[in-house]
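Let's take a friendly walk through a protein model. Have the sequence and the 3D view at hand, and look up each residue as it comes up.

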Amino acid sequence: MRRSLIRWSLFLLAAAVFSLPLVSWAQLTKADLDSRLKMESHVGNITGHAKDGAADYHRYCEGCHGVRGDGNGEVAQWFDPPNFPKPRDFQLGIFKCRSTPTGTLPTDQDLYDAISRGFDRSGMPIWNTFTKQERVDLVAWVKHFSPRFVSEKPGTAIQIPPEPEVTAERVKAGREVFARVQCWKCHGVTGEANGPSASTLQDDLGRPIAAFNFTEGSRPKCGDTDQDIYRIFMTGLDGTPMPSFADNIKPDEAWDLVFYLRSLMREPSKEKAIAQQLGLKPVDPNAPAPTQ
Amino acid sequence: MRIDTQSRLFRNPLSLRYPLTAALIVVFVILSGSQRANALPAFARKYGLRCSACHESWPQLNNFGLKFRDNGYQLMNDHDAPIWQNPSYWPVTFRITPIWHRLSVNQNVDTYAGGVQTGTNSAIDRISSSGFDLSGLDFHTGGTLEKNISFYVLPSSDPTGAFHFETVMGRLDNLFGSPWLNIKFGRFELNNLLSEKRTLFLTGNGGIYQTYHFIPVGDGNIFGQMGDNQLGLEYVGHSVDDRTRISASLLSSSDGNVNLIMGANSYSEFFTFDQAFDAGKLGVQRLGAYAFVGQAATYYKTSGGVPIPGSGIGNKGFSREGFYGQFYFGPHFDLNVVTQHGQDNAWFGQGYGNPIATNGNGAATCTAAPCPPNNFPGTALPVGAQAPSWNGVTFEARYVYSPQLIFLAVYETERMSQQANGSGYTVGFTGPNGLTGPSASNLGNISNYTIGYRYNPFMTSRAGFAWHNEFNIFHQQGTGPASPISGLSTNLTVSELLLGFDFDF
């Protein structure tokens, strides 16, 4: 009896401590937000001002991302993850598409690119109809929702070495990396998003999320160039189970992996042709972990 | 409800021969409400977007909405195919507008004394009527059948509930994965940057762009009306961000009429090009040009004196060309400009071209002789007949106070630069176009003014509702009632005040 009482008190205490930040987000007042209105953003030689993005946000974004940027706009309730991920909660200051290391804030350029690119397989549209200035202003407005952008600096963009020549050796080596760091656990050995963990994946807010299916022909959310794909697994998609592999994969190996991923994708590519020629088989999930 | 009928009636050479009929028709035209546009809560519901994301104020599109449309009603986010929709989702939207309006038009009336008629059309009076009224009903349905294959069908009624198909088309988009290859087939609105079907105005004369429908007085060419939905095939190409857009259409010269009742073999082409520029804080600016060139029949074979539908030959040419400009001055103010230089072949100027005088839905109304002028073999143009030409411009300014409140103003003017009945026309001779002698240089000139506002009390992704208030004055030289003293036509002035609840779901 007493044991359970203590356990309950501890549990409640812990719950209270952990929910403190939640309470402060939930109670974020208009006044708090207004005080952050001086937020600026810088992309290239363009400076954005939060206030100048407000009208466009109200017209274009609010229905999904909410008046307070909490991702709770009028239509958010109709988005059913994993097929329709919920709109991003900007107050958390956690973003999927970053050039910066996992856990850090994205750069203004990252947010600008995300807005211009849109997110495939989600409700987030491609906002390339705005002028550059309008988009940079929107970036500042998006940032003003999160206290993180006041207290922290964005991370430093990771270095991406120049892209090497695609060779059969590199595609084969990429397959080894794919096997070693166990991308297949979520993405499946053929890249069809059917790995053993795939069906139970959840994002940090406890919502179901699907791993990326390489074979469907759809674009990765954070960009489709070789550099983008390099960046995706070397920085991770924060807030999702898609981790950063910066500590497990060396830069040169990372390029090998990019080439192997290309060979899994539906679009014709040099890598795909090489893999076919080599008769590359999907990785074997039961193979003993290779020693390094 | 549908402008095709209205404008066709309005500009029918038959009616313009009789100013009284013309005036009555103007009243009828206005009473029948104005044409409708594409505002689709069905799309908003599908994508979870608010109206304001695609519409500056519905149904008028903004740049994002234009891109969505150009992509074949797709966001291009890999969730466009119907498989991603809830199976119970049905892409249908209806729109109707109960209104109160007050119309005022000058007109010939009979005179009476002591209970006895003393004259027929012997005075001019201003007939003003006001009351509650209805627009017609629009049933918009459209969307993707599969990724990059879409459709749009719009059955539309007049205020009495008589339906026709305003828009019917199938589309193939992004052929070979390229945004430069899109094909549309059916009956659709031409690729006008300033869309008439999406105008924010509702009055009879303010709800259409005069520049898109102008026809010289007595002219028989009804086929050059860019504002009417046309039957044909359209190619559209655009850059990924929709900054550059081109289009070319091949159309039947039928002004959208079905059943092949017009020329036996007459086609028109419509070309557009526009380019948008990034102007920083001001927003995206767009400049473009269009050309509408076509041929239409002037001679219809007859049976017992009545023209045979679909028998038209003796094609003559016409053209309309001009510039577009869309200028944003920040998020609150924008100005749209459309210019036009138009020209019709002299045969059209004399009233040839539309002997069928249809009611707009394929049924021929001229079933008994005499029908409108017909270019029978051996017919000669009257001495002094020349190709009518004119210049026009439309300015539309919008002040967007917020996505929920918009103020609007339009000024249009159409000016004849060459009349069909030139100075060499025989004085006192009444030509086939019903006009006697050389025409005054300003005959048919139009000035059109409209102001209004639309207030949307709420803004969601589910439905649209607007409180609408508008005032229009339409003025045309020499098409009003005949002066009781000189017998000559006076100027026509029509005004309309309208208040309405415009809603769609």
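## Salt bridges

A salt bridge is counted here when a side-chain nitrogen of Lys or Arg lies within 4 Å of a carboxyl oxygen of Asp or Glu. The model you are looking at is a predicted one. Taking all chains together, it holds 32 salt bridges.

One of them is in chain A, where Asp252(A) pairs with Arg170(A) and the closest N and O atoms are 3.2 Å apart. Asp252(A) sits in helix α10 (residues 251-264) of chain A and Arg170(A) in helix α7 of chain A, so this pair ties together parts that are 82 residues apart in sequence.

## Where the two chains meet

Now turn to the interface. On one side, 34 residues of chain B are in contact with 33 residues of chain A. Between them the two chains bury about 2700 Å², and 51% of that is on carbon and sulfur atoms. Which residues of chain B lose the most area to chain A? They are Arg50(B), His79(B) and Lys281(B), which together account for 20% of what the chain B side buries.

Salt bridges turn up here too: four are found across the interface of chain B and chain A. Arg50(B) and Glu62(A) meet through their side chains in a salt bridge, with 3.7 Å from N to O. In chain B, the elements α5 (51-54), β1 (55-57) and α6 (63-70) each supply at least two residues of the side that touches chain A. The largest share, three residues, comes from α6(B). By class, the chain B side divides into 13 nonpolar, 12 polar and nine charged residues.

Two packed helices are described by the angle between their axes and the distance between the axes.

Finally, have a look at some details of the backbone. In chain A, a cis peptide bond joins Pro81(A) and Pro82(A), with omega about 5°. Pro82(A) belongs to the loop between α3 (50-65) and α4 (108-117) of chain A. Chain B has a cis peptide bond between Trp58(B) and Pro59(B), where omega is about 5°. Pro59(B) lies in the loop between β1 and β2 (60-61) of chain B.

To find Ala193(A), go to the loop between α8 (184-187) and α9 (226-235) of chain A.

Key. Residues are numbered from 1 along each chain as its sequence is written. Chains are lettered from A and ligands numbered from 1 in the order in which they are written. This is a predicted model: local features need pLDDT of at least 70, side-chain atom pairs count only at pLDDT 80 or more; totals for chains, interfaces and linings use all residues. Side-chain values use heavy atoms; hydrogens and water are left out. Contact means heavy atoms within 4.5 Å. Buried area is the accessible area (1.4 Å probe) that two parts lose on being put together, summed over both. Helices (H or I, at least four residues) and strands (E, at least two) are DSSP runs, numbered from the N terminus. Ala, Val, Leu, Ile, Met, Phe, Trp, Tyr, Cys and Pro count as nonpolar, Asp, Glu, Lys and Arg as charged, and the others, Gly among them, as polar.
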